[in-house]
Amino acid sequence: MIAEPAAWGPSGQTLPQRSLLSAGVLVLSGLALLPVLALVAFAAVDGGLDRLTLGHEGAAQIRNTLLLVASVGVLGAALGTATGWLTANCQFPGRRWLRIAQLLPLATPTYLLAATAIDLGSRLSWRVHGLGWAVAVLTLATYSYVFLLSTESFAVSGKRQLEACRSLGIGPWGSFRRVALPMALPAIGAGIALSGMEVVNELGAVELLGVPTLSSGILQRWQNQGDPQGAVALALVALVIVSLLVGAERLLRRRSRRWLLGSRGDRLAPWTLHGWRALVAQLLTALPPLATLGLPLLWTAMSWDQLQGESVAELAGLSGRTLLLALVAAGMTMAVGLVLAIARRWIPQPLIQQLTFVAGMGYAVPGTVLALALMLLGGPLGLSPLLLLLWGYSDRFLAVGKGGLDAGLERIPPSVDEAATGLGCSWIQVLGRVHLPLLRGPLLVGALLVFVDTVKELPLTFALRPFDFDTLAVRVYQYAGDERVGAALIPALLILALGLVASLALVPSLDETSS
Amino acid sequence: MSLQRLRLPARSCLALLLTAFAAVGCGGQQPRATEGDGGNRDLAGTEVGVYSGRHYNTDKELYREFTRRTGIKVNLLEAKDDALIERLRTEGQNTPADLLVLVDAARLDKATRMNLFQPSDSAELDKDVPANLRDSQGRWFGLTRRVRAAIVNPDQVDPSTIRTYADLANPALKGKLCLRNSKSVYNQSLVADQLIQRGNAATRDWVKGMVANTSQPFFTSDTPLARAVAKGDCGVGVVNTYYVARMLSGDNGAEDKTLASGLKVVFPDPAHVNISGAGVTRYASNPAGALRLLEFLASPTGGKGYAEANNEYPLTGYGDNALLKDFGTFRADDVSAEQMGAKNKEAVELMQANGWQ
């Protein structure tokens with residue numbers, strides 16, 4: 001069965017209800033797009049769009065960004081697919097824990113990974129510097145996206161086909177190569193697209209590793225060179241790249257759904273690996289999370305004698321503010337995402353469909369530029385920095401939170417809505433009694449992803465926070481930027497702890513797709 | 001664990017969060033002094049908003065000390081200098097910042113050109129801050145001095161061969177020099193300083209010579225560079241002296257302390273001296289309070305704390321820092337911070353055109 005969500009709406013909807021939802025979409029997508037429009041308008045008014053130029057450096061920054069997206073995409077796809085397949089369809093000692101461990105990289109801020117790699121490297125007389133290291137760091141930091149999507153695909157797809165393979169005597173490798181991989185390709189592609197978006201937006205790690213990219217170029221042009229037109233030109237290039245990635249992700253998810261529907265149900269008994277095969281599987285699944293979490297922990301252990309403690313009250317304040325910001329941002333973002341996802345399902349008008357799509361484009365704008373755009377908007381209106389900050393988070397992470405909701409809604413057949421409305425439910429009742437219970441999983445997963453991202457988020461928080469409102473990430477970045485490792489230790493560990501707790505909360509949803 | 005069990009009473013949580021958020025976000029809002037207070041009114045009970053490019057806990061202790069002495073509360077926002085400048089510019093008249101603290105002369109000059117400061121007239125500042133370390137129109141004032149010196153590994157290079165910055169371009173150092181990249185504003189100011197002293201052609205040749213001497217890709221920070229020199233991976237490097245002092249103090253751990261003890265700090269003669277400094281913002285709502293804070297930070301008492309926080313040099317003399325005393329004395333060149341800032345753009349273009357990535 002193939003769902004066609006975009007062209008369907010509950011028959012019980014009355015005109016005012018649709019209008020209300022459409023108005024909600026207009027307002028929310030308007031708020032999401034306003035910063036980008038403000039940027040362009042600012043550049044146009046301030047100096048004329050004819051002055052938009054990429055320049056000599058711009059070409060190198062675009063080249064590096066594309067190289068990073070491609071290299072991290074290929075390596076992340078290999079790593080995420082391998083770990084996804086092994087933990088979903090094979091049985092070996094430690095599999096359950098190693099499956100959970102694939103979520104650990106989500107807890108580690110990329111700039112922390114880069115800073116620790118550089119610091120440890122310089123102690124060992126290694127130069128951790130340049131594109132190769134950036135690819136390694138970003139691959140470790142983002143392969144989990146491919147893992148999360150591919151493992152779900154491997155776990156629920158093609159049971160009958162895999163059974164057929166087994167009955168024909170085809171082993172795990174053959175089954176993987178000939179059946180499971182082709183079926184999972186859309187999911188893997190979607191994971192690559194998500195990691196690509198992270199790569200385009202990455203700022204701290206690439207700056208520390210000395211790789212000029214679009215993100216760092218935008219910041220440099222805007223703030224260091226006082227060239228907002230140049231910054232906007234680069235931001236528009238970033239926007240195009242991320243739009244392509246978002247478009248690819250959506251297309252692939254839709255293809256993935258066509259393959260997957262009708263295949264859910266009983267799980268296939270996993271292949272049991274023994275001997276060296278089990279060992280290879282253990283190594284392959286253990287090394288990435290070990291490296292991701294191990295580097296900061298090793299750094300911590302080796303830097304313990306540099307420890308400079310902040311007062312307990314100071315740390316409690318930093319943690320409390322971080323926690324509050326992340327919780328409120330997660331709640332707000334998921335609420336906005338839910339309205340847009342529901343509208344996308346129920347209102348088939350092309351304009352609404354497009355608006356719900358482009359509302360996720362905030363992900364394309366590097367955090368610092370988004371912050372500056374929000375300042376341009378909020379400054380004249382006298383909006384409070386905290387409000388701007390939450391606006392920025394929702395804008396930035398909407399794509400992360402909404403993706404799961406879209407996918408979740410696509411799995412609910414339209415007949416369910418029809419049955420509910422046929423029984424006299426209004427759309428609010430359909431939402432409350434049918435969709436929300438069924439979307440509990442995607443809502444929780446989305447909120448946790450936004451929570452983790454907000455805890456780690458830097459440029460927006462750095463630029464928009466009000467007086468005396470530092471967060472853990474801000475403090476770590478300031479100290480790391482000042483080359484004061486000891487002072488950064490405890491806040492860094494607290495970020496890791498918060499991220500770990502949130503990542504581990506994703507485990508139940510991972511278990512749902514597991515055996 | 002099922003997802004069902006994770007469900008929370010959403011409304012209660014939201015209400016609790018919003019209440020807590022309002023409490024955290026709105027805390028500490030006090031009546032602010034109005035514009036045009038002048039310096040005579042009792043400012044106790046007012047607030048001063050500070051945007052600062054410095055990030056040291058000891059700075060906060062200094063602000064608390066100021067509050068104890070004057071009753072003026074200090075609200076602090078620390079961030080990267082360029083981001084603060086941009087924020088101040090976009091906030092315009094709505095800015096809550098009364099004082100802007102920046103690191104490096106070029107950034108002070110940039111904020112001045114963007115008209116973000118207002119002139120301050122203070123006999124105390126004129127007395128405490130040497131003329132070459134403040135703006136000629138009183139828009140900003142230096143607070144600490146920082147020297148960009150050479151560090152030498154004596155096993156690799158004879159320290160006596162480095163007498164001036166020009167010596168770093170000596171072909172004898174081929175393959176032995178390590179430099180931080182051109183994005184470093186400290187290096188930009190060093191090149192600006194040389195442009196003023198030696199002119200365009202000599203500075204260009206000097207940059208080319210140094211680039212030809214480098215043995216590794218340009219570093220993105222000073223501490224790994226200092227480690228590389230100490231380990232003998234490079235023979236000579238150029239860093240701000242406080243990074244070496246920080247390593248020697250043990251703040252970076254025992255390993256760095258041992259490493260740094262093998263480094264020789266060489267002050268080229270004359271030495272390039274940069275500053276961190278501050279000015280009252282153009283749209284300050286409490287300019288009198290900001291000026292009071294500025295005077296405190298520039299005074300021998302406040303300035304001592306500001307400099308010692310980061311092993312920097314005070315505005316005059318060498319201070320009491322034993323680590324800095326061990327480095328010896330230097331003769332500062334006569335380039336003013338104002339001149340240096342004005343040459344920044346030219347310096348960046350020259351570096352990029354001649355291979356200093």
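User: Which residue of β2(B) stands opposite B:Gly49?

Analyst: In this predicted model, the residue facing B:Gly49 is B:Asn75 in β2(B).

User: In which sense do β1(B) and β2(B) pair, parallel or antiparallel, and over how many bridges?

Analyst: Strand β1 (residues 47–52) of chain B runs parallel to β2(B), and six bridges join the pair.

User: How do I read the packing of two helices?

Analyst: Two numbers describe it: the angle between the helix axes and the distance between those axes. Here, helix α10 (residues 287–298) of chain B packs against helix α11 (residues 300–309) of chain B at about 70°, and their axes lie 4 Å apart. Because angles of 65 to 115 degrees count as roughly perpendicular, that is the term for α10(B) and α11(B).

User: Which residues make the contact between α10(B) and α11(B)?

Analyst: B:Phe296, B:Leu297 and B:Ala298 come from α10(B), and they meet B:Pro300, B:Gly302, B:Gly303 and B:Tyr306 of α11(B). Five of the residues in this contact are nonpolar and two are polar, with no charged residue.

User: Which residues touch the most other members of the largest nonpolar core?

Analyst: B:Leu99 and B:Leu293 do, in a core of 243 residues. Helix α12 (residues 312–346) of chain A contributes the most to this core, with 15 residues. Another core, of 25 residues, lies apart from it and includes A:Phe154 and A:Trp271.

User: What does B:Leu99 touch, beyond residues up to four places away in sequence?

Analyst: Among the residues touched by B:Leu99 are B:Gly49, B:Val50 and B:Tyr51, as well as B:Ala290, B:Leu293, B:Leu294 and B:Leu297.

User: Is B:Asp222 buried or exposed?

Analyst: B:Asp222 has 0% relative accessibility and therefore counts as buried. This residue belongs to helix α7 (residues 222–230) of chain B. Leaving out neighbours within four places in sequence, B:Asp222 contacts A:Glu483 in chain A, and B:Arg148, B:Arg180, B:Val239, B:Asn240 and B:Tyr243 in chain B.

User: And how does A:Val445 count, buried, partly exposed or exposed?

Analyst: A:Val445, in helix α18 (residues 440–456) of chain A, counts as partly exposed because its relative accessibility is 24%.

Technical notes
Residues numbered from 1 in each chain as written. Chains lettered and ligands numbered in written order. Predicted model: local features only at pLDDT ≥ 70, side-chain atom pairs only at ≥ 80, totals over all residues. Heavy atoms only, no water. Axes fitted to C-alpha atoms, helices over the stretch in contact; angles between N-to-C directions. Helix = DSSP H or I, 4+ residues; strand = E, 2+ residues; numbered from the N terminus. Parallel < 35°, antiparallel > 145°, perpendicular 65-115°, else oblique. Contact = heavy atoms within 4.5 Å. Nonpolar A, V, L, I, M, F, W, Y, C, P; charged D, E, K, R; others polar. Core = buried A, V, L, I, M, F, W, Y, C linked by side-chain atoms within 4.5 Å. Buried < 20%, exposed > 50% of the residue type's maximum accessible area, 1.4 Å probe, protein only. Pairing = 2+ DSSP bridges.
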